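Please examine the sequence and the model shown here before reading the explanation.

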Amino acid sequence: MVDKQPTPRQRRGRRAAPATGKGPALLPVGGRLTLLSDDELARIHAAALTLLAETGLAEAPDEAAALVTDAGGSLSPDGRLLFPPGLVEHVLGLLPRKITLSGRRPGTELTLGGQQVHLGTGGASPQILDLDTGRYRDSALADIFDAARIVEAMDHIHFFSRPMVARDIEDTAAMELNTAWACLSGTSKHVMVSASSPESVDAIATLAHEIAGSEAAFRAVPFLSLNINHVAPPMRFDPDSARVLIHAARRGIPVMVNTFGQLGASSPVTIAGCVAQTTAETLAGMVLAWLAAPDVRAIFGPRPMVTDLRTGAMAGGGGEQAKLTAAAIQMARHYGLPSSTIAGATDSKWPDAQAGHEKCLAVTMALQAGAHFVTQAAGTQASLMATALESYVIDNDMLGSILSAHTAIEVSEETLNPAAIHGAATGAGHFLGEAETLARMNSDFLYPQIGDRRSIGEWQDDGAADSWQRAHARVRDILAAPPPAIIDAALAADLETRFGLRRFAGGGPHQSATQESSHG
């Protein structure tokens, strides 16, 4: 008997079926985009070596200068730290090709190296889109905690890099320690924060050791890493950040060796020149980190950004930015190093169509170029100057689609199966009733959580909500639930008292007595 064809309504109804599964295991295939030939990569590498050997980096702190000169480098007559090609090549040969960053529950481990890619948050936004007013305001520590809670619930956001600045804490050291605490309290995924001094590194490290149980336990399974911008382009160290890089490497904290040059402003206006300078500056940080601690977990982090030459402001959403990022990451792939970059720095001020197409283009290009770790892929708006909690939910759908589009295609006797095609073509005339179709409905397909696939009529009858409205409701639901018990309550109370930390309870932080007395 020939089965009846399903009606359009029946086809649409199938969207609700995958309640029994979360879709495919998304193991994307990255690194297949080639913007630069082998010869061009070699020429950029040669230019980077020339810059390091002949121009060097200015303003090296004494600790950095001592490490490099003891290893064969030198100081030029005008005090620039020079890196001989032999030293750079030697370190490149010894840096690890794979690094594992950990979370605090099964399934949150991140392997950097090979073809795997991990997508997450990031930035230092000074503003956030307020859930109640719909207008931007200064960001606060509570917002970081809330963002971490939302990311904890998102399947396709793999790590939580501090996305905002806690502008309600004036003391820098207290802000950095409390930021680490807010992140670690809100999510069990890998956390990335920043530190402005070796003393701040020590405080964050001690907090992480307490949570891990010991320093040895943390070093073995590091669930926190540091974003470090060790240079102030062009070709100049940020002395404080360089000291942080050295100290963090020695403390066993994984380090993101990040370089931010702006094309046409602090880097050359040509993509090739910008990538060459960025590569040189990033290599200087990698060499420094390895000289400080040969067992360092150092991630090559080129982050060149495009400048809108009409205004001088950063312009992170254009095609030039996506191409620049991909070229910089292809250099990391050329070296075989674990890499990270920024992709998703939309210029849009609202989670709208502009934000969607700019983010999707940039993240897709970074993945195809072979980035292992992509920050700012979710949540940010306004050229990294603002964050919207709704964007995490919307972007989670987008990232899931990007990952799904880049999974490997299985070509086998089972997936080709001409006999099955013959049977359907000469029998029912469709594949909807086949056992394999039902089996693969949950295993091979990813279904959107925010994207709407209903008919126009169903959508209108249900209130005609757009993506932002649906995401807003999802954010409200997450934050209305009790906060996750990421850290044992007794340990959390003890740490709050001993470290003078903000307390997280009832869905958001409030000041402990110690914090109130010390910061007014």
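The following paragraphs discuss confidence, then a cavity, then a pocket.

This is a predicted model, in which local features need pLDDT of at least 70, side-chain atom pairs count only at pLDDT 80 or more, and totals for chains, interfaces and linings use all residues. Residues are numbered from 1 along each chain as its sequence is written, and side-chain values use heavy atoms, with hydrogens and water left out.

The pLDDT is the predictor's confidence in each residue, from 0 to 100. Its mean over the protein chain is 90, and 91% of the residues reach 70 or more. Over residues 1-21, however, the pLDDT is below 50, and over residues 505-520 the pLDDT is likewise below 50. Where pLDDT is low, the predicted coordinates should not be read in detail.

On a 1 Å grid over the protein atoms alone, a cavity is a set of points where a 1.4 Å probe fits but cannot get out, and a pocket is an open set with protein on both sides within 12 Å along at least five of seven lines; lining residues have an atom within 4 Å of a point. A volume is the space filled by probe spheres set on the points, which are joined across faces, edges and corners.

The structure holds one cavity of 30 Å³ or more. The largest cavity has a volume of about 50 Å³, and its lining includes Met305, Thr325 and Ile342.

Of its 34 lining residues, Gly123, Ala124, Arg162, Asn229 and Phe260 are the closest to its centre.

Technical notes:
Contact = heavy atoms within 4.5 Å.
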